[in-house]
Amino acid sequence: MKVQIEDKEFSCFLEYEQIKKRTRLLGIQLNVDYEKRVPVFIGVLNGSFLFMADLMKEVHIPAEISFIKVSSYHGQDTTSGTVKSVIGLDIDLKGRDVVIVEDIVDTGITLSYLVDVLKEKEAASIAICTLLLKPQSLQRELEEIAYVGFEIPNEFVVGYGLDYKGLGRNLRDIYRFVSAPSET
Ligand code: XMP
Ligand code: MG
């Protein structure tokens, strides 16, 4: 199936059923790894909102859930390369086991900044759980990436929380950029 968002055409890449299946497995892994701890899951808005919701339904251990917003990306199809700020980090993370929940790790610039900020807060441990990872695009070493839903090629994707020019976050499946539609 194809969708058009603004000037671009996207074709289906990952169906929601596949995402759900993979998310269930990530949940099982988290339940085992954090069994004796009470982790804080921190979703990075806006992109992670759907993944976070589905993932948390698979986590059955006591856990805290929170969200932050990082401003770095301006709704276009390229990252700006700079991270401006972290908004809403309102819990005391000292001594806590933190799991950052992300929609996608592309260059890794956003997350490496975020990890540095969380380290300053003296978290006991920091792990990253990302639905998508573009290994060919990574520019930062991120040893904290412990949970990955899918490794994907270096292509722009949209849907299931991910946007193009602010649109498409509500799509149930994930789509990848095909081409600009023809003029005719
Ligand atoms: P990096 O890892 O490059 O990624 O700092 C920062 C943020 O960029 C967004 N991003 C995307 N958003 N489709 C999107 O809709 C993509 O293919 C894509 N690649 C990166 C995303 O918000 C990520 O957190
Ligand atoms: Mg994001």
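Helix 1 buries Ile-19, Thr-23, Leu-26, Gly-27 and Leu-30. Seen down the helix axis, these buried residues fall within an arc of 110 degrees, so they line one face of helix 1. The model is a predicted one.

**Helix 1**
- Helix 1 covers residues 16-33, 18 residues in total, and reaches 25 Å from its first C-alpha to its last, close to the expected 26 Å.
- An α-helix has 3.6 residues a turn, so residues three or four places apart point the same way.
- On the face turned away from the buried side, helix 1 carries the exposed residues Glu-17, Lys-21, Leu-25 and Val-32.
- The buried residues of helix 1 pack against strand 2 (8-14), helix 2 (49-56), strand 7 and strand 8 (145-151).
- Helix 1 lies across strand 7 and strand 8, and runs at about 165 degrees to strand 8.

- Six strands form an open sheet in the order 5-4-3-6-7-8, with mixed pairing.
- Strand 5 (85-87) and strand 8 are the edge strands, each pairing on one side only.
- From one strand to the next, the twist averages 25 degrees.
- Strand 6 (residues 97-105) and strand 7 run parallel and are joined by eight bridges.
- Asp-97 stands opposite Ser-125 in strand 7.

**Nonpolar core**
- The largest nonpolar core has 45 residues, and those with the most contacts inside it are Val-98, Ile-100, Val-101, Cys-129 and Val-157.
- Strand 7 (residues 125-133) gives the most to this core, with seven residues.
- Leaving aside residues up to four places away in sequence, Cys-129 touches Leu-26, Val-99, Ile-100, Val-101 and Tyr-147.
- Leu-26, one of these contacts of Cys-129, is a buried residue of helix 1.

Terms used:
Residues numbered from 1 in each chain as written. Chains lettered and ligands numbered in written order. Predicted model: local features only at pLDDT ≥ 70, side-chain atom pairs only at ≥ 80, totals over all residues. Core = buried A, V, L, I, M, F, W, Y, C linked by C-beta atoms within 7 Å. Buried ≥ 20, exposed ≤ 12 C-beta atoms within 10 Å, placed from the backbone. Helix = DSSP H or I, 4+ residues; strand = E, 2+ residues; numbered from the N terminus. Contact = placed C-beta atoms within 7 Å. Expected span 1.5 Å × (residues − 1). Arc of directions from axis to C-beta. Pairing = 2+ DSSP bridges. Axes fitted to C-alpha atoms, helices over the stretch in contact; angles between N-to-C directions.
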